[in-house]
Amino acid sequence: MNLERILEVIKNKHPDADTTMLELAYDFAQQAHQGQTRLSGEEYIEHPLETAYKLAEMDIDLPTVIAGILHDVPENTAIELDEIKKEFGSEVADLVAGITKLGKIKYRGLERYAENLRKMFVAMAEDVRVIFIKFADRIHNLKTLYALRPVKQQRIAKETLEIYAPIANRLGMSELQGELEDLAFPYVYPEEYKWVTEVSKKKYEEYRRDVQREIKRLRKKLENVSFVPMDMYGRAKRYYSLYRKLLRKDMDIDRIYDLIAIRIIVKNIDECYRVLGVLHSLYKPMSGRVKDYIAQPKPNGYQSLHTTVYSDNKIVEFQIRTSQMDDEAEWGIAAHWAFKETGKKKQRMPVDPEKLKWIKTLLERDSEQYKPEEYLDKIKMDFFKNRIFVFTPKADVIDLPEGSIPIDFAYHIHTFIGDHCVGAKINGRMATVLTALKNGDMVEILVDKKRAKPSEEWLNKVQTNLARDKIKQSLKKSNFNKLFQIFNR
Ligand code: MN
């Protein structure tokens with residue numbers, strides 16, 4: 001990797017970009033890491049360069065790419081953060097600070113690990129670009145994982161599957177999620193990896209041929225109705241995602257219809273539905289497989305039309321979306337931090353703060369009260385447990401762990417609502433606050449401001465750590481108040 005390749009990626013998309021700072025950052029990092037090598041034998045600078053290259057490919061803004069080049073300087077060299085701030089300003093310095101691990105003195109072992117993770121979440125809540133750098137950093141580390149001791153390989157690969165990939169998923173960054181998972185997969189589940197790649201090899205080859213033929217044919221047919229899509233291509237399912245799906249389909253690869261899906265990219269939403277209409281007049285759709293994620297986006301924001309059809313005796317899945325939806329589907333929240341040229345490109349839509357609320361929820365938990373092992377378990381549980389998605393009466397989506405009850409929902413909305421909930425309407429019908437919620441439920445909380453308060457019983461029924469912590473706080477407070485009243489009698 002070298003600076004020129006990074007500049008090329010940026011200049012290709014943004015010919016007028018001023019990359020002076022980036023070039024300076026390269027010189028700075030190059031000198032700082034002078035003489036250092038990685039365990040893989042490469043010069044150290046290779047790693048920050050790969051990190052920055054990935055960020056440039058993702059088309060994230062320049063300060064983030066610059067921070068990517070500098071990200072290991074404070075941790076691994078004699079140069080301190082202050083100097084980066086002096087040279088490159090506080091925006092870049094803050095980003096670098098966000099992924100720099102804590103000093104080695106204060107914490108050790110698991111405790112240090114938990115503290116670093118916690119610190120990263122804090123930084124991420126302040127500026128989500130921190131996690132983009134972490135992803136790019138992690139991808140290169142996974143690519144060079146072979147050079148590490150097996151124990152370390154396991155730790156890094158597992159952490160990728162348990163923490164980083166789910167975060168990417170939550171942020172709607174499916175491209176990155178897939179890349180992280182496929183790099184970690186062979187280390188965490190070597191046997192399964194071998195099996196999946198073997199069993200799918202022939203299928204993929206077969207599909208690849210079919211898909212090419214199908215695309216050609218469809219292009220002609222669309223031309224006949226004078227419709228020209230912006231782009232049309234086959235997209236192979238990634239191995240780890242295939243493995244997860246196989247687990248749900250009795251390991252029967254013949255039941256997987258989207259091994260390679262055909263993506264059709266069009267200009268606007270009207271055209272999405274028009275193409276769907278054309279497809280259904282040409283092919284017989286499989287029943288129950290038409291999904292309108294445009295009218296009803298997935299909770300992480302994903303939008304597209306999906307349909308599975310019979311073409312001759314083959315089964316093909318189509319995914320239809322606009323180019324903006326395509327950007328968002330691949331890069332999720334990162335699409336909002338895309339490179340901006342002042343006055344040239346239209347401004348990106350601002351991020352809906354609701355989409356980032358879960359990061360803050362992670363932090364709201366009073367982390368200091370837990371031992372490091374407990375804290376890690378709780379973080380993993382928050383990401384790992386199966387999630388359900390329920391709706392507020394205004395149709396906002398709230399995601400909760402499976403088995404959650406209206407009390408979990410209420411605390412997720414607001415502490416006050418949680419503390420005073422007395423009942424719930426689930427899909428318009430009265431229910432108790434202890435009823436288990438199901439995916440897709442619409443939940444309305446009934447509140448009694450004067451009389452209702454949390455009970456000890458709730459503690460055993462709630463599923464989220466957030467609700468549990470809030471109930472404990474509230475119980476403590478009311479016990480204290482009782483005591484206070486006794487003293488004042
Ligand atoms: Mn690094």
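A: Start with Arg-238, which counts as partly exposed at 24% relative accessibility. Buried here means under 20% relative accessible area, exposed means over 50%, and partly exposed lies in between (1.4 Å probe, protein chains only). The model is predicted, so local features need pLDDT of at least 70 and side-chain atom pairs pLDDT 80 or more, while totals for chains, interfaces and linings use all residues. Residues are numbered from 1 along each chain as its sequence is written, and side-chain values rest on heavy atoms, without hydrogens or water.

Arg-238 has a partner. Its side chain meets that of Glu-175 in a salt bridge, 3.0 Å from N to O. This pair ties together distant parts of the chain, 63 residues apart: Glu-175 is in helix 10 (residues 174-188), and Arg-238 is in the loop between strand 1 (231-236) and helix 12 (239-248). A salt bridge is a side-chain nitrogen of Lys or Arg within 4 Å of a carboxyl oxygen of Asp or Glu. Helices (H or I, at least four residues) and strands (E, at least two) are DSSP runs, numbered from the N terminus. Glu-175 is buried, with a relative accessible area of 13%. Arg-238, by contrast, is partly exposed.

Side chains of opposite charge can pair when their charged atoms come close. The whole structure holds 23 salt bridges. Another of them joins Asp-312 to Arg-217, with the closest N and O atoms 3.3 Å apart. Here too the pair links distant parts of the chain, 95 residues apart: Asp-312 sits in the loop between strand 5 (305-311) and strand 6 (314-322), Arg-217 in helix 11 (residues 190-224). Asp-312 is exposed, at 64% relative accessible area. Arg-217 is partly exposed, at 33%.

A local pair comes next. Glu-457 and Lys-461 form a salt bridge with an N to O distance of 4.0 Å. Both belong to helix 19 (residues 456-461), where they are four residues apart, about one turn of the helix. Glu-457 is partly exposed at 42% relative accessibility. Lys-461 is partly exposed at 37%. Elsewhere, salt bridges with shared partners join Asp-61, Glu-91, Asp-127 and Arg-129 into one network.

Glu-4, Asp-18, Glu-23 and Asp-27 make up a patch of negative charge on the surface. Patches take residues with over 30% relative accessible area and no salt bridge; like charges are joined within 9 Å, nonpolar side chains (Val, Leu, Ile, Met, Phe, Trp, Tyr) within 5 Å. Lys and Arg count as positive, Asp and Glu as negative; His and the chain ends are left out. Each charge is placed at NZ of Lys, CZ of Arg, CG of Asp or CD of Glu. Asp-27 lies in helix 2 (residues 20-32). It is partly exposed, at 43%.

Back to helix 11. Val-199 lies in this helix and is partly exposed, with a relative accessible area of 31%. Accessible areas come from the Shrake-Rupley method with a 1.4 Å probe; for residues, only the protein chains shown count as cover.

Ser-226 is in the loop between helix 11 and strand 1. Its phi is positive, about 40 degrees, although it is not a glycine. Ser-226 is exposed, at 64% relative accessibility. Asp-59 also has a positive phi, near 65 degrees. Asp-59 is found in the loop between helix 3 (46-57) and helix 4 (62-70). It is buried, at 13%.

Helix 17 (residues 406-413) is mostly covered, with seven of its eight residues buried. Among the buried ones are Asp-408, Phe-409 and Tyr-411.

Last, the whole chain. It has 20 helices and eleven strands. Of its 489 residues, 51% count as buried. The accessible surface comes to about 25,600 Å², and 50% of that belongs to carbon and sulfur atoms. Among contacts (heavy atoms within 4.5 Å) between residues at least 6 apart in sequence, 65% join residues at least 24 apart.
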